[in-house]
Amino acid sequence: MFYSKFVLAFFLILAGIFHFIKPQFFMKIMPDYIPMHLQMVYISGAVEILCGILLLFPETQKLGAYLCIALFIAVFPANIEMAKNFYQSHHKYFWLTILRLPIQIVLIWWAYQFRK
């Protein structure tokens with residue numbers, strides 16, 4: 001379980017960095033009802049990086065775990081939007097977007113393990 005925390009932190013930090021490198025990808029999956037798409041992409045990327053950093057240190061691990069859980073819940077509508085868009089466009093990887101939805105539950109459980 002010790003190394004698991006570092007794996008999750010690495011993925012969060014990497015995903016957060018990609019929000020700044022490829023914001024257009026994340027803007028495409030933003031639900032229409034969310035305002036200021038570009039700013040929200042940058043904010044969510046910064047929060048992902050912050051989550052990863054907080055998980056790394058025992059003093060901030062619990063806060064990081066709860067922030068991760070909140071983040072995984074908050075971005076779930078974007079995952080649904082991506083699945084909807086892929087379905088409507090008959091995208092060949094629609095099945096991957098459906099597979100991705102329950103992975104959010106796994107990510108929430110994974111982060112929950114570090115709340116101690």
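Which residues in H3 are buried? In this predicted model, they are Val41, Ser44, Gly45, Glu48, Cys51, Gly52, Leu54 and Leu55.

**Helix H3**

H3 covers residues 37–56 and has 20 residues. From its first C-alpha to its last, H3 reaches 29 Å. That is close to the 28 Å expected at 1.5 Å a residue. What lies over its buried residues? The cover includes helices H1, H2 and H4. Their positions are listed here.

| Helix covering buried residues of H3 | Residues |
|---|---|
| H1 | 2–21 |
| H2 | 23–28 |
| H4 | 61–74 |

**H1 against H6**

Two packed helices are described by the angle between their axes and the distance between the axes. Take H1 and helix H6, which spans residues 94–112. Their axes come within 10 Å. The axes cross at roughly 125 degrees, so H1 and H6 are oblique to each other. H1 passes H6 in a left-handed crossing.

Which residues meet there? From H1 come Ser4, Val7, Leu8 and Phe11. From H6 come Leu107, Trp110 and Ala111. The residues of this contact divide into 6 nonpolar, 1 polar and no charged.

**A look at Val7**

Val7 is found in helix H1, and Val7 is among the residues that meet H6. Is Val7 buried, partly exposed or exposed? Its relative accessibility is 37%, so Val7 counts as partly exposed. Buried would need under 20%, and exposed over 50%.

Val7 also leads back to H3. Val7 and Gly52 are 45 residues apart along the chain. Their C-alpha atoms are separated by 9.3 Å. Gly52 is one of the buried residues of H3.

Note on methods:
Residues numbered from 1 in each chain as written. Predicted model: local features only at pLDDT ≥ 70, side-chain atom pairs only at ≥ 80, totals over all residues. Heavy atoms only, no water. Helix = DSSP H or I, 4+ residues; strand = E, 2+ residues; numbered from the N terminus. Expected span 1.5 Å × (residues − 1). Buried < 20%, exposed > 50% of the residue type's maximum accessible area, 1.4 Å probe, protein only. Contact = heavy atoms within 4.5 Å. Axes fitted to C-alpha atoms, helices over the stretch in contact; angles between N-to-C directions. Parallel < 35°, antiparallel > 145°, perpendicular 65-115°, else oblique. Left-handed = near helix turned anticlockwise from the far one by under 90°. Nonpolar A, V, L, I, M, F, W, Y, C, P; charged D, E, K, R; others polar.
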